[in-house]
Amino acid sequence: MKIATWNVNSIKARLDNALAWLRQANPDILCLQELKCEDHAFPAQAFEELGYNVLVHGQKTYNGVAILSKLKPEDVTRGLAGEDGDSQARYLEAVFARKSGVVRVASIYLPNGNPLGTEKFAYKLRWMDRLQARAKALLKLEEPLVLAGDYNVIPTPLDARHPENWTNDALFQPESRAKFRTLLNLGFTDAIRQVHGDEPGLYTFWDYQAGAWQRNNGIRIDHLLLSPQAADLLKSAHIDREVRTQEKPSDHVPVVIELKA
DNA sequence: ATGACTTCGGCACGAAGA
């Protein structure tokens, strides 16, 4: 079973890229982030024609997450508990029943948090605490669980071409990294690192500006975290860098894992 | 170099992204 995550930076602007990628990569599940559209405006039919079920948790202009799946979604959860009045669409979770058992998947768009010293950074840290609480509860289910998405966290210096350029950025703050590490230490496996070890140069995002792609000035911020039961099933994990060479690309590329059965 | 590029809303250019 192939599961992927991709921050598309507007699903309307990226519809052709997304359809082409699905035809070529043929994942069973694709988690999307930064849709930048409301539920009713999501181009569901185009994906349904490719054989996907479509789950959308959208919002006008900003944020928005979706899960496309060949299997029918069950037990759907929209939004992350823990903060009354939070209207930002950043979390969507569903369960899929395979013949070999269930797999639970979440599509996550963690807040960026810039600039530092503002409510935006405080919101990011609070959101990470809420995610940790949800993750803790889900681990008790002892299911294969994949928390996939744009975490907006550079976990270690190995995950940036120029870590020194990110020291004043919310993505690489000690507090952001510590909360990501705490989440991992609940018992999750970072799929890319599990498969590729300490290999440098594994990036999922390159800024549109200043020739970042051409200079390979990237960062790894899109992650698939696996519960122990999902980690047992892990066969492969890779970053589909080629997508960044396309016409009108997203600034992020898909990250793909394969699980047994 | 508080830049550079891309998207949205909506039709001008500011906000947001990372």
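Q: Buried means under 20% relative accessible area, exposed over 50% and partly exposed in between, with a 1.4 Å probe and protein chains only. Why is Lys 248 called exposed?
A: The relative accessible area of Lys 248 is 66%, and the cut-off for exposed is over 50%, so the term applies. The model is a predicted one, in which local features need pLDDT of at least 70 and side-chain atom pairs count only at pLDDT 80 or more, while totals for chains, interfaces and linings use all residues. Residues are numbered from 1 along each chain as its sequence is written, chains are lettered from A and ligands numbered from 1 in the order in which they are written, and side-chain values use heavy atoms, with hydrogens and water left out.

Q: Which peptide bond is called cis, and what is its omega?
A: The bond joining Asn 114 and Pro 115 is cis, with omega about -5 degrees. Most peptide bonds are trans. Pro 115 is in the loop between strand E7 (101–109) and helix H3 (119–139).

Q: Which residues come nearest to DNA strand B?
A: A residue is near a strand if one of its heavy atoms lies within 4 Å of it. There are 24 residues around DNA strand B, and Ser 10, Asn 112, Phe 205, Gln 209 and Lys 248 come nearest. The residues of this surface divide into eight nonpolar, nine polar and seven charged; Ala, Val, Leu, Ile, Met, Phe, Trp, Tyr, Cys and Pro count as nonpolar, Asp, Glu, Lys and Arg as charged, and the others, Gly among them, as polar. Sugar or phosphate supplies 71% of the atoms of DNA strand B within 4 Å of the protein, and bases the rest.

Q: How do you know that Asn 112 makes a polar contact with a base of DNA strand B?
A: A polar contact is a pair of N or O atoms within 3.5 Å; within protein, one must be able to donate a hydrogen and the other to accept it, and residues adjacent in sequence count only if both atoms are side-chain atoms. An N or O atom in the side chain of Asn 112 is 2.9 Å from a base nitrogen of DNA strand B, so the pair qualifies. Gln 209 also has a side-chain N or O atom 3.4 Å from a base nitrogen of DNA strand B.

Q: Why is Gln 33 called buried?
A: Its relative accessible area is 0%, and the limit is under 20%, so Gln 33 is buried. Gln 33 lies in strand E2 (residues 29–33), and its side chain has a polar contact of 3.2 Å with that of Ser 107.

Q: What makes strand E2 largely enclosed by the rest of the structure?
A: Five of its five residues are buried, so E2 is largely enclosed. Ile 29, Cys 31 and Gln 33 point one way from E2, and Leu 30 and Leu 32 the other way.

Q: Why is the pair of Tyr 151 and Phe 180 called edge-to-face?
A: Rings of Phe, Tyr and Trp (its six-membered ring) pair if their centres lie within 6.5 Å; planes under 30 degrees apart count as stacked, over 60 as edge-to-face and the rest as tilted. The count by this rule is four aromatic pairs. For Tyr 151 and Phe 180 the centres are 5.6 Å apart and the planes make 85 degrees, so the pair is edge-to-face. Tyr 151 lies in the loop between strand E8 (145–150) and helix H4 (174–185) and Phe 180 in helix H4, so the pair ties together parts that are 29 residues apart in sequence. Trp 206 and Trp 213 also form an edge-to-face pair, at 4.7 Å centre to centre and 90 degrees between the planes, and both are buried.

Key:
Helices (H or I, at least four residues) and strands (E, at least two) are DSSP runs, numbered from the N terminus.
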